[in-house]
Amino acid sequence: MVMTEKLRSVKDKSKKISGSVINFFKAHKIVSALIIMIVIILIISVIGTFASRNNKRGASAEITAQRRDIEESISDSTVVEPNSEYSVTANVSGDIIEDYFEEGDWVNKDDLMYKIDTKTIENNIKSADIAIERAKQSYDDAVAENKLTVRDTETGKSSVESARLALEKAQQAYNDALRAADDLSITSNYSGYITEIHVSEGDTVAAGSPVAEVVDNSSLIIRVPFNTADTANISSGESAILTLTKNGSTLNGTVTEVNPRSEGGDGFTLYNYVKIEVQNPGAVKSGDTATAIVGNIACGDAGTFENITEETITAPISGKITEVYITENQYVARGGLVAKFDSDSADSQITSARLSVEDAKQALERARIQSKTSEANTALGDEKLGSAVENAKLAYDDAILSKDNLLKQLDDYTIKAPISGTVVTKNKKKGDSTMGAGSSESSYSSASSASMSAGNSSAAALSSGTSSSAMAVIYDMSKLKCTLNVDEIDINNVRAGQRVAITTDVSDKEYNGIVETVSVNGSAGQNGVTTYPVKINIIDFDDKLLPGMNIEAKIVLSSVKDVLSIPVSSLNRGNIVYVKGEKTDQNDAAPEGYHSVSVVTGASDDEYIQVLSGLNEGDVLYAAEYDPMQDMMDMMEDSRDSMRSNMTGGGGE
C-alpha cells in the first residue's frame, strides 16, 4: 500500500507535467504526432527499467521479519546563507573625505565607516541662522504693532513687568555666554575614573549633552535586607562585617541608613533594607554581592555593591568639540580638563545672546510706552494686526524648523555600521561621491531549486536591496542559515524543531541544523508542483562553511532504532502480510503454504516499514510481488487520452 501511494504521487506529478505541454500540442498539431510517439517510447523505456528493477528486488519469495533502524527524511541541495545582510548607502550627496575600513574587515555596530564633506550643509545652516533672525525681527515688529491697541492700563503694567523679567533673563544668558567664551573647556565636576566617552574630536554637541561617564569606586555602598523585627536594634553609625559571596573574604563597613519601609520576602517574611558604606580595598567592584552582620544580627539575604559616585559629565554649551583630553579608565580629579570647544561655537552663542538682549530692551521700551498710552489709537484694527502677528509667528517657527532639519541632517554626513559583521563588499572609498540613496537592510536569497538542478553555479544572490549603489555590504555571520524548498506532498510532515543533517564537499564534517520556520507561502514551479520554503538554522558551523557554498540538507522527519520491520514490498492492501504456516480460514487468499496476518505499521523509509504489532521477530513472510507495469501503463494511457482530447479543440500550424 505504501508503494501504491508513492506511485499515485508519481502519477499526479506526471499529469501536472503533461498538462503543461497540452497547450503547445493544441497549437501545433502537425508536430504533435511525432512528439507523442517520442514520449511513448521514453515512457516505455522507463517502465521497462522500473519493472526490471522491481522484478530483481522481488526475486526472493521469502523474507524474515527482523529488527533494524528506520529513518524517514527529506533531502535536497541548497546554499549557505548569512544571518542577515545590510546594504550601506548614504542619505545625503557629497564627496567622501574619509573611509575607515577595508573589504574583509570586521566592524562593530555604530563603528564609523565613512565621513562625507559637510561644507554645503554648513553654509545652509548659516543661511538658516540669518533667516531666523529676520523672521524673529518681523515677528517682534508685528507683536509691537499689535500691542499699540492695548487699552487696559493693568495689562500695560503687566506687559512692562514681563518685558523687564525677559530683559533680565536675556542679560543673564548674555553674561553666561561671555563667561563661557573666556573658558572654552569642559571640566569634570567629580573625581573618579572615566568609564565611557560619548564624544570625539569634530563632534557637534548640544548644551547638556553627555560627554563622559565618571565612576568613583574608592567607596562602595550596599543595601542588605534584614528581618523587620531585627532592624529596630540597628542604628546609623554602627559597625558592620561584610562577607563577600565570591570568595568568603570579609571587610568592615558602617551603617549609614535603615530604611523604615518594610518589603515582603519569601515565606511571608518582612524585610527592611540597611544601607552600609565601605572603603573599597581594591578587590571589590560594583555588582559583587555580600552578606552582612551588624553586632550579632545577621541579614536575611545578600545585597549588591554599588559605586557611591556614578555621574555624567555634560557639555555646558552647544558647539563643536576640537580636543578630547581623556581616555577610558583614566582618573580625573574634580575640575580636571575633559574636552574643549572651538571659539566659533561660543562666538555664535554670544551673538545670539546679544541679539536677545537688544530685543528684550526694545520690548521693554515698547511696553513702557504702551503702559503710558493706555488709550492708544485703535484705528489700525485689532483683527488685521492679529493676523499679521500670527503670520509672522508662523514664518518664525518655520525658519527655526528649517534649521533644526539641517542640524539633524548633519548626522547623515557620518555613516556608521548598522550592524556588527564582516564587510564583504566595499564599493566607495575616499575621494568618491555619494548620491544620497539611503541605507537599507537586505535579505539573502537562495537560488531556486530549479536553477540549482539545472547546474547554476551562482547558488546565491543578494536581494534587490543590495544594488551597485551600495557603498558597502555587511554580512552578519553570527548565525548561518539555509533554505530548503520542500515539495507540496512532503511539506505537511515538516515541523519547526526537527533535526537537519548538513553535508558539503568542502568539509568532512556533518553539520547539525534545526528547522526554524515552515512557510505557508508556496511557489508554483514550471512543472506545476508547488514548493514551500523551510528555513533552517545551522547550529554548529565553523570557519569552513561560508555564505554561498553548496550544501546537502536532510530533514529527519522521524527516526526509530532497533524496531521490528519488514520490506515495504511484502505489505499488501489493508495492512495484510502473508506469514509462512497453515491456513485456518478456507477463504484466506494467501499463497499456498502461507496464511494472512493483519499488522499495525509505524515509521517507514523507501525500503522498510516498522511493524508495531501482528508479527514476531523471525517470522517468515511471502514477498508479495506487485506489478507496477499496469499502473504506469494506465498513467501513460491517461496522458495520451488527455492529449488526444485536448488537441481536437482547434488551432494549429
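Q: How much accessible surface does the chain have, and what part of it belongs to carbon and sulfur atoms?
A: The accessible surface comes to about 36,000 Å², and 48% of this belongs to carbon and sulfur atoms. Such areas come from the Shrake-Rupley method with a 1.4 Å probe, and for residues only the protein chains shown count as cover. This is a predicted model, in which local features need pLDDT of at least 70 and side-chain atom pairs count only at pLDDT 80 or more, whereas totals for chains, interfaces and linings use all residues. Residues are numbered from 1 along each chain as its sequence is written, and side-chain values use heavy atoms, with hydrogens and water left out.

Q: What is the average confidence of the chain, and where does pLDDT stay under 50?
A: On the scale of pLDDT, the predictor's confidence in each residue from 0 to 100, the chain averages 79, and 74% of the residues score at least 70. Over residues 49-60 the value is below 50, and this stretch has twelve contacts (heavy atoms within 4.5 Å) beyond near neighbours in sequence. Residues 445-467 also stay under 50, with 41 contacts in the model beyond four places in sequence.

Q: Why is Asp-129 called partly exposed?
A: Buried means under 20% relative accessible area and exposed means over 50%, with partly exposed in between (1.4 Å probe, protein chains only). Asp-129 has a relative accessible area of 24%, so the residue is partly exposed. Across the chain, buried residues make up 35% of the 653 residues.

Q: What makes the contact between Lys-403 and Asp-129 a salt bridge?
A: The term requires a side-chain nitrogen of Lys or Arg within 4 Å of a carboxyl oxygen of Asp or Glu. The N to O distance for Lys-403 and Asp-129 is 2.5 Å, so the pair meets the definition. Lys-403 lies in helix H7 and Asp-129 in helix H3, 274 residues apart; helices (H or I, at least four residues) and strands (E, at least two) are DSSP runs, numbered from the N terminus. A search of the whole structure finds 21 salt bridges.

Q: Why does the salt bridge of Glu-306 and Arg-223 tie together parts that are apart in sequence?
A: The closest N and O atoms of this pair are 3.2 Å apart. Glu-306 lies in strand E16 and Arg-223 in strand E9, so the bridge joins parts 83 residues apart in sequence. Glu-306 counts as partly exposed at 35% relative accessibility, and Arg-223 is partly exposed with a relative accessible area of 35%.

Q: How do you know that strands E9 and E16 pair?
A: Two strands pair if DSSP finds at least two bridges between them. Ten bridges join E9 (residues 210-227) to E16 (residues 303-314), so these antiparallel strands pair. Within E16, Thr-312 is the bridge partner of Glu-213.

Q: What makes the largest nonpolar core a core, and which residues have the most contacts inside it?
A: A nonpolar core is a set of buried Ala, Val, Leu, Ile, Met, Phe, Trp, Tyr and Cys residues joined through side-chain atoms within 4.5 Å. The largest has 23 residues, and those with the most contacts inside it are Phe-101, Met-113, Tyr-114, Ile-415 and Ile-474. Elements giving two or more residues to this core include strand E5 (112-116) and helix H3 (119-147).
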